Amino acid sequence: ERGVKWLKNYQAEQVRRLKNAETETEMQSFRTPSWKRTADNIDAFVYMVLADANILDTEMRDFLYRDRNELSVYAKAMFALALYQQKQAERLEMILHNIEQYLVKDEENQTAYLNLPNSGYWWHWYGSEPEAHAYYLKLLARTDPTSEKASGLVKYLLNNQKHGTYWNSTRDTAICIEAMADYLKASGED
């Protein structure tokens, strides 16, 4: 409960900063500006976590949707999961369209993957390719679990493990396994 409360306060502060962007209103503090121009990847992550706790902030949702082209593909998938949970079909469809512009289908290998534009942020958490693919798979498990995209993405993730047993870390390995479990359950292949 304390964690959710903290995230809720964090999100409210980010909404306030986004609203202040029009006037670039400054506070007394010299450490952090009291405004920011766009919603960012952390905002999408926090929004998704709060959506799981059934906390809705329509202002942050509007800012994230407005600034969706500034988000990484990973963060777009997180935001889309929240939109799915909140039954925002029209916005969800647009975010799926935004993500799928990076989708590549390899018919020969029967795989599908996202050709991620991670050139400027590969070292950040939202630059993790296995995690971005896993969150996209989690999204597909909810929106289109029996599609060739979903099964191709599973095969791609399985083919791109290191030493055949893990991805890059325990974190991305856990997220990939969780996404595959979601897919197996949703597609009926469990």
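Student: In which handedness does H3 pass H5?
Tutor: H3 passes H5 in a left-handed crossing, a term used when the near helix is turned anticlockwise from the far one by less than a right angle, whereas clockwise would be right-handed. Helices here are DSSP runs of H or I with at least four residues, and strands are runs of E with at least two, numbered from the N terminus.

Student: Before going on, what kind of model is this?
Tutor: It is a predicted model, in which local features need pLDDT of at least 70 and side-chain atom pairs count only at pLDDT 80 or more, while totals for chains, interfaces and linings use all residues. Residues are numbered from 1 along each chain as its sequence is written, and side-chain values use heavy atoms, with hydrogens and water left out.

Student: Back to that pair, at what angle do H3 and H5 pack?
Tutor: Helix H3 (residues 58-66) and helix H5 (residues 89-100) pack at about 30°, and their axes are 11 Å apart; the axes are lines fitted to C-alpha atoms, for helices over the stretch in contact, with angles from 0 to 180 degrees between N-to-C directions. The two helices are therefore roughly parallel to each other, since that label covers angles under 35 degrees, with over 145 being roughly antiparallel, 65 to 115 roughly perpendicular and the rest oblique.

Student: Which residues make the contact?
Tutor: Arg-61, Asp-62 and Tyr-65 of H3 make it with Arg-91, Met-94 and Ile-95 of H5, where contact means heavy atoms within 4.5 Å.

Student: New topic, how do S1 and S2 run?
Tutor: Strand S1 (residues 103-106) and strand S2 (residues 111-114) run antiparallel and are joined by 4 bridges, and strands pair if DSSP finds at least two bridges between them. Asp-106 stands opposite Thr-111 in S2, and in the hairpin, which has 4 residues between the strands, Gln-110 takes a positive phi near 55°.

Student: And how far apart are the axes of H4 and H6?
Tutor: The axes of helix H4 (residues 73-85) and helix H6 (residues 129-143) are 8 Å apart, and the helices pack at about 25°, which makes H4 roughly parallel to H6.

Student: How many aromatic pairs turn up in the whole structure?
Tutor: A search finds 7 aromatic pairs, counted when ring centres of Phe, Tyr and Trp (its six-membered ring) lie within 6.5 Å, with planes under 30 degrees apart called stacked, over 60 edge-to-face and the rest tilted. One of them is the edge-to-face pair of Tyr-47 and Phe-79, at 5.7 Å centre to centre and 65° between the planes. Tyr-47 lies in helix H2 (residues 41-52) and Phe-79 in helix H4, so this pair ties together parts that are 32 residues apart in sequence.
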